[in-house]
Amino acid sequence: MLPDEYSACLMRRSFRSGPSADAPFPVPGNLPAELNRFVGRDEELSGLTRRLGESRLVTVVGVGGVGKTRLALRAAEALKKRYCDGVWLAETGALRDPELLAHSLVEALGLTDQSGRPPRRVLAQHLATRRLLLVLDGFEQLVDACAELVRELLRRAPELTVLAVGRLAERPGPAAVPRQSSGTRRPSRTARKPAGSPTGKGGETAG
């Protein structure tokens with residue numbers, strides 16, 4: 001983000017929240033604190049952060065246990081100053097009912113709404129004018145529902161970026177897949193690994 005864009009984002013935040021002119025502007029969000037140091041995987045981390053600067057939808061997929069979520073969260077933490085409205089984690093791996101997906105994102109963003117509006121509408125309206133990174137972890141349980149909701153949110157929120165993390169056990173060794181700026185297609189199970197994609201040990205997923 002360019003300095004003037006970040007300043008404009010902060011100005012919008014001040015109008016919404018009404019702080020005093022000299023009040024600090026901490027970056028909001030809900031990323032968990034790291035319990036130990038993130039060692040190694042510099043190439044993978046660099047590749048992922050670069051893709052997040054190029055695309056509004058980036059997916060990290062692979063078999064379980066290779067550290068996809070840890071890598072994604074480290075990249076999100078490293079980039080949080082790009083997003084003046086915060087970096088937010090929504091964990092969806094335990095969901096099985098697609099009707100609960102939007103509710104889960106509303107809760108992850110700490111939103112409260114007493115109007116009775118559908119949660120999708122609450123999300124879309126909240127995100128519409130915000131510069132925000134959403135880390136969607138565990139999309140593999142609800143691939144189609146996640147794809148549909150992400151597509152809608154990216155269309156309605158032009159400054160939203162989504163980093164989707166999921167397990168695809170039947171396809172070992174996939175890469176972090178960059179999407180174009182319109183990036184609204186669902187994570188593909190058959191997409192080829194792009195040249196220069198970060199990879200983990202033994203050819204497994206970067207993450």
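This section describes the secondary structure, strand pairing and helix packing of the protein chain. The model is predicted. The protein chain holds six helices and five strands. Read from the N terminus, the order of these elements is α-α-β-α-β-α-α-β-α-β-β. Of the 207 residues in the protein chain, 47% are buried. Among contacts with a separation of 6 or more, 78% are between residues 24 or more positions apart.

Strand β4 spans residues 160-167 and pairs with β1 as well as with β3. Strand β1, residues 57-62, runs parallel to β4, and six bridges join the two. Within this pairing, Thr59 lies opposite Ala164 of β4, and Gly62 lies opposite Arg167 of β4. Strand β3, residues 132-137, is also parallel to β4 and is joined to β4 by six bridges. Here Asp137 has Val165 of β4 as its bridge partner.

Burial was then examined for β4 and β1. In β4, seven of the eight residues are buried, so this strand is largely enclosed by the rest of the structure. In β1, six of the six residues are buried, so β1 too is largely enclosed by the rest of the structure. In a regular strand, side chains alternate between the two faces of the sheet. For β1, one side carries Leu57, Thr59 and Val61, and the other carries Val58, Val60 and Gly62. Every one of these residues is buried, and both faces of β1 are therefore covered.

Two helix pairs were examined. Packed helices are described by the angle between their axes and the distance between the axes. Helix α2 (residues 42-54) packs on helix α3 (residues 68-78) at an angle of about 60°, and the axes are 10 Å apart. Because of this angle, α2 is oblique to α3. The crossing of α2 and α3 is right-handed. On the α2 side the contact involves Glu44, Leu45, Leu48, Thr49 and Leu52, and these meet Leu71, Ala72, Arg74 and Ala75 of α3. By class, the residues of this contact comprise six nonpolar, one polar and two charged.

The second pair is formed by helix α4 (residues 101-108) and helix α5 (residues 119-127), whose axes come within 8 Å and cross at roughly 40°. With this angle, α4 is therefore oblique to α5. The crossing of α4 and α5 is left-handed. Helix α4 contributes Ala102, His103, Leu105 and Val106 to the contact, and α5 contributes Pro119, Arg120 and Leu123. Five of the residues in this contact are nonpolar, one is polar and one is charged.

The buried residues of α5 are Pro119, Val122, Leu123, Ala124, His126 and Leu127. Pro119 and Leu123 are buried and also take part in the contact with α4. The cover over the buried residues of α5 includes α4, β3, α6 (143-156) and β4. Strands β3 and β4, both part of that cover, are the parallel pair with six bridges described above.

Notes:
Residues are numbered from 1 along each chain as its sequence is written. This is a predicted model: local features need pLDDT of at least 70, side-chain atom pairs count only at pLDDT 80 or more; totals for chains, interfaces and linings use all residues. Side-chain values use heavy atoms; hydrogens and water are left out. Axes are lines fitted to C-alpha atoms, for helices over the stretch in contact, and angles run from 0 to 180 degrees between N-to-C directions. Helices (H or I, at least four residues) and strands (E, at least two) are DSSP runs, numbered from the N terminus. Angles under 35 degrees count as roughly parallel, over 145 as roughly antiparallel, 65 to 115 as roughly perpendicular and the rest as oblique. A crossing is left-handed if the near helix is turned anticlockwise from the far one by less than a right angle, and right-handed if clockwise. Contact means heavy atoms within 4.5 Å. Ala, Val, Leu, Ile, Met, Phe, Trp, Tyr, Cys and Pro count as nonpolar, Asp, Glu, Lys and Arg as charged, and the others, Gly among them, as polar. Buried means under 20% relative accessible area, exposed over 50%, partly exposed in between (1.4 Å probe, protein chains only). Two strands pair if DSSP finds at least two bridges between them.
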